[in-house]
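Here is a short tour of one protein chain for you to follow along with. Please keep the model open while you read.

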Amino acid sequence: AALLVSFLAEWRLTLVILAILPMLLISGVVQAQAVQGQTSVGEHVIIANKVLVEGLENIGTVSSLGLEERLVKRHMLLLEPEWKEAKRKRFIFATSSAFSEALFFFVYAVAFRFGGYLIANHDVQYSDVFRVFASLVFSAFSLSQAAAFAPDFPRAKS
């Protein structure tokens with residue numbers, strides 16, 4: 001439906017946007033997959049929390065023996081591998097998000113630049129430019145978001 005609407009409104013702009021649309025699809029998939037990987041909790045966190053809970057349940061014994069510092073150091077030591085992994089994941093997430101957003105704005109820039117050229121030189125109405133842009137770009141973005149979660153579909157069925 002988006003293709004039909006955009007071709008009827010302005011076919012030249014539609015072809016230009018369709019030429020750069022794969023970048024937008026890649027952008028959406030990369031961003032959605034980066035977000036998907038942010039929800040897991042590692043085994044080190046579970047173990048560190050067990051140590052901390054055990055220390056807090058026995059806080060009287062811990063404080064009477066003066067082991068507060070040791071408990072905190074042990075907790076931090078157990079969290080160290082998870083902290084390093086979280087820093088690495090944050091860098092990957094930030095990089096992929098920046099790449100994704102940059103591609104998204106690049107598509108915007110190309111579409112509006114060519115749309116401005118068509119308005120100025122070829123008697124195209126600005127409403128047609130926005131109609132083409134909205135129908136193609138927003139449908140492509142929705143498609144890319146759906147494609148990113150497609151691998152989860154078999155798990156959802158079972």
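Predicted model: local features only at pLDDT ≥ 70, side-chain atom pairs only at ≥ 80, totals over all residues.

Residues are numbered from 1 along each chain as its sequence is written, and side-chain values use heavy atoms, with hydrogens and water left out.

**The chain as a whole**

The chain holds 7 helices and 0 strands, where helices (H or I, at least four residues) and strands (E, at least two) are DSSP runs numbered from the N terminus. Of its 158 residues, 27% count as buried, meaning under 20% relative accessible area with a 1.4 Å probe, protein chains only. The accessible surface of the chain is about 10,500 Å², and carbon and sulfur atoms hold 67% of that; the areas come from the Shrake-Rupley method with a 1.4 Å probe. Among contacts (heavy atoms within 4.5 Å) with a separation of 6 or more, 82% join residues 24 or more positions apart.

**Helices α3 and α5**

Helix α3 (residues 43-57) and helix α5 (residues 68-121) have axes that come within 8 Å and cross at roughly 170°. The two are therefore roughly antiparallel, a label for angles over 145 degrees. Axes here are lines fitted to C-alpha atoms over the stretch in contact, and angles run from 0 to 180 degrees between N-to-C directions. On the α3 side the meeting residues include Val-45, Ile-47 and Leu-52, and on the α5 side they include Leu-71, Leu-78 and Pro-81. By class, this contact has 9 nonpolar, 4 polar and 3 charged residues: Ala, Val, Leu, Ile, Met, Phe, Trp, Tyr, Cys and Pro count as nonpolar, Asp, Glu, Lys and Arg as charged, and the others, Gly among them, as polar.

**Two residues to look at**

| Residue | Relative accessible area | Class |
|---|---|---|
| Ser-6 | 0% | buried |
| Glu-80 | 36% | partly exposed |

Partly exposed covers the range between buried and exposed, the latter being over 50%.

Ser-6 lies in helix α1 (residues 2-9). Its side chain reaches the backbone oxygen of Leu-3 at 3.0 Å. What does Ser-6 touch, not counting residues up to four places away in sequence? The list is Trp-11, Thr-14, Val-132, Ser-135 and Leu-136.

Glu-80 lies in helix α5.

Conventions
Parallel < 35°, antiparallel > 145°, perpendicular 65-115°, else oblique. Polar contact = N/O pair within 3.5 Å; in protein donor to acceptor, adjacent residues only side chain to side chain.
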